[in-house]
Amino acid sequence: MESEFLAVRRHEDGVVELVMDRPKAMNAVSTGMARALGDACARLAADASVRVVVLSSAVERAFCVGADLKERNAMSDAELVRQRPTTRGAYGGVLELPMPTIAAVHGFALGGGFELALACDVIVADETAVVGLPEVSVGVIPGGGGTQLLPRRVGAARAAELIFTARRVEAPEALELGLVDSVVGAGSDRAEALALAARMAANSPVGLRAAKRALRLGHGMDLAAGLEIEDAAWRTVAFSGDRAEGVAAFNEKRKPQWPGV
């Protein structure tokens with residue numbers, strides 16, 4: 001699952017880290033990098049041993065600066081059309097991971113880079129982070145989920161202001177606006193994200209996936225429909241091995257040994 005631009009690191013207790021590493025381009029998403037991300041996410045999604053995924057960057061100055069505009073500039077219209085499913089596969093691959101996901105953000109997270117973070121469930125940023133969706137400033141729109149994910153985080157009006165002005169937002173304001181979920185000291189985003197992932201991964205893998213499914217599918221639904229989605233998710237865990245083990249461990253005052261089924 002290694003590639004030229006992406007490393008996959010397995011940590012304890014089912015935590016897996018996807019590390020973007022394209023330093024000369026500050027992790028700009030080229031066709032090759034998009035393909036690597038999409039392929040890695042497809043494999044992780046099918047791996048029942050994975051409990052939490054952390055998306056991070058090995059590049060000092062950036063999480064990801066978005067689409068590779070140098071590559072795009074050399075493309076014909078037909079080539080751009082052919083590339084589109086690959087780029088959608090990268091952003092959609094992160095968004096559709098069935099387990100909890102955390103983005104560890106430092107430096108620039110712009111355009112498609114911020115969209116990768118938005119595709120995660122939780123965003124941990126350090127104090128150097130600068131985020132934004134500047135696509136309209138180069139004649140396009142956020143095309144990696146930004147027009148749909150950002151308003152779900154901050155509301156329609158705030159998302160419109162940020163997208164229409166193409167402005168960059170530094171870490172303190174990003175936290176205030178809800179663009180990120182926490183701000184930590186410079187250089188500690190990865191460590192904090194991995195620590196948070198470990199806390200999540202201590203819980204039932206079956207429960208984590210079912211809870212994420214209910215959260216994602218129920219968002220935007222009316223209350224009655226959302227409660228039906230929650231009930232369907234509950235039924236997938238109520239008769240699971242994890243539920244039996246969790247109840248037994250609670251009563252026996254011991255740490256659960258999750259079967260993951």
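At 76% relative accessibility, lysine 253 counts as exposed. The cut-off for that label is over 50%. This value, like those that follow, comes from a predicted model. Lysine 253 lies in the segment after helix H11, which spans residues 241-252. Its backbone also stands out for its phi angle. Lysine 253 has a positive phi of about 55 degrees, although the residue is not a glycine.

A positive phi also occurs at alanine 166. There, phi is near 60 degrees, again in a residue other than glycine. Alanine 166 sits in the loop between helix H6 (156-165) and strand E9 (169-170). Alanine 166 counts as buried because its relative accessibility is 14%, and buried means under 20%.

Lysine 212 is a further buried residue. Its relative accessibility is 7%, so it counts as buried. Lysine 212 is placed in helix H9, which covers residues 205-218. Its contacts were listed without residues up to four places away in sequence. On that basis, lysine 212 touches Leu97, Pro98, Met99, Pro100, Thr101 and Asp121.

One of these contacts, Thr101, belongs to strand E5, residues 101-105. Strand E5 is mostly covered, and five of its five residues are buried. The side chains were then sorted by direction. Thr101, Ala103 and Val105 point one way from E5. Ile102 and Ala104 point the other way. Residues on both sides are buried.

Strand E5 also has pairing partners. In general, strands of a sheet pair through backbone hydrogen bonds, and the pairing is either parallel or antiparallel. Three bridges join strand E3 (residues 52-57) to E5, and these two strands run parallel. Leucine 55 stands opposite alanine 103 in E5. Strand E7 (residues 122-126) is joined to E5 by four bridges, and this pair is parallel too. Here, alanine 104 has valine 124 in E7 as its bridge partner.

Another set of strands was also examined. Four strands form an open sheet in the order E4-E6-E8-E9, and the pairing is mixed. Its edge strands are E4 (62-64) and E9, each of which pairs on one side only. Strand E4 is joined to strand E6 (residues 108-110) by two bridges, and the two run parallel. Within this pair, cysteine 64 has alanine 109 in E6 as its bridge partner. The edge strand E9 also marks one end of the loop that holds alanine 166.

Definitions and conventions. Residues numbered from 1 in each chain as written. Predicted model: local features only at pLDDT ≥ 70, side-chain atom pairs only at ≥ 80, totals over all residues. Heavy atoms only, no water. Buried < 20%, exposed > 50% of the residue type's maximum accessible area, 1.4 Å probe, protein only. Contact = heavy atoms within 4.5 Å. Pairing = 2+ DSSP bridges.
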